[in-house]
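Try each task before you read its solution.

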Amino acid sequence: MYKNILIIISSAIFLTGCVDEFSEIIQETDTAHLSQEEALENTEELQVQINLGLGSLEVTGGEADSLYDLSIDYNGKNDKPEIDFSRSGNSASLRVLLEGKHGSNWWKDKNRIRISLSPEVNLDASFITGVGENIVDLTGMKVEEMEVVNGVGNTEIYMDEINQASCRSINVTNGIGSLKMTGIGNFAFSDFSFTGGIGDSSLDFSGEWESIGDITIKVGLGSLEVMLPDDVGVRVKSSKSFLSNLQMPGFDQVGNEYRSSNINEADKEIVIRLNTGIGDVRFNRR
């Protein structure tokens, strides 16, 4: 039964989210290139939204005096990116859309968006991806708010140093692809939420933990591995289906709450609200 459900859901998502127009037939791939750069000037806040249907996304830190440096490779014969940029006072907004339209040989397309962002600007970011390999490296940036939605592809998210800004919220969703996020303890967030669908996910909560906020994790049919630092006390308040497979080695269960063995000695304590469906969830400490 569940196998049939997975096939139906996966097929529906793929057909609606990835195959845009069956009527277009591409005999050969013509790669086009587009680049754009904006100076930092007096900009203090940047709202950036990138929506990529088919292809790879790479986000990295850039030069301090360059607000952003954008480079796009795409199928010039069958697709065209949409770029909207505007400034207002000390704020700026950037929106990039590349749907990845394709025909019978869509797999030959080499769509790629590469963007570097200034470490001097306060960032409100949204990265939405479909089919492709994606790397979002936010190390050294000032992340105030972020949303990441991974569809069918593979996405890796990094924050290897402490966030240079106070972060209001981090919202991460994984559909039927693979998602890995490391350095979550460096974001200094007030609110962190993760929603997992059918795909495999990994959340590494390593970091400095200069600020401890609310954490909510929801997992449906997929699998999730959660890695937690040994020097932080952890409480996991669980609401789970009787079909879910929840593994909590090194935790003591008290009712619906799981407590790490160091909960009474640790200087810092995080609380995770966990809701699981019929997927596999495992918590590890290191």
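**Exercise 1.** Sort the residues of strand β16 (residues 214-219) into a covered and an uncovered face.

Solution. Start with the covered face: Ile 215, Ile 217 and Val 219. Then take the uncovered face: Asp 214, Thr 216 and Lys 218. Why do they sort this way? In a regular strand, side chains alternate between the two faces of the sheet.

Strands here are DSSP runs (E, at least two residues), numbered from the N terminus. The model is predicted, so local features need pLDDT of at least 70, side-chain atom pairs count only at pLDDT 80 or more, and totals for chains, interfaces and linings use all residues. Residues are numbered from 1 along each chain as its sequence is written, and side-chain values use heavy atoms, without hydrogens and water.

**Exercise 2.** Find how β14 (residues 189-196) joins β16.

Solution. Two strands pair if DSSP finds at least two bridges between them. Six bridges join β14 to β16, and the two run parallel.

**Exercise 3.** Find how β16 joins β22 (residues 268-276).

Solution. Five bridges link β16 and β22, again in parallel. Lys 218 stands opposite Asn 275 of β22.

**Exercise 4.** Describe the pairing of β10 (residues 142-150) with β12 (residues 167-174).

Solution. They are parallel over six bridges. Glu 147 faces Asn 171 in β12.

Conventions: Helices (H or I, at least four residues) and strands (E, at least two) are DSSP runs, numbered from the N terminus. Buried means under 20% relative accessible area, exposed over 50%, partly exposed in between (1.4 Å probe, protein chains only).
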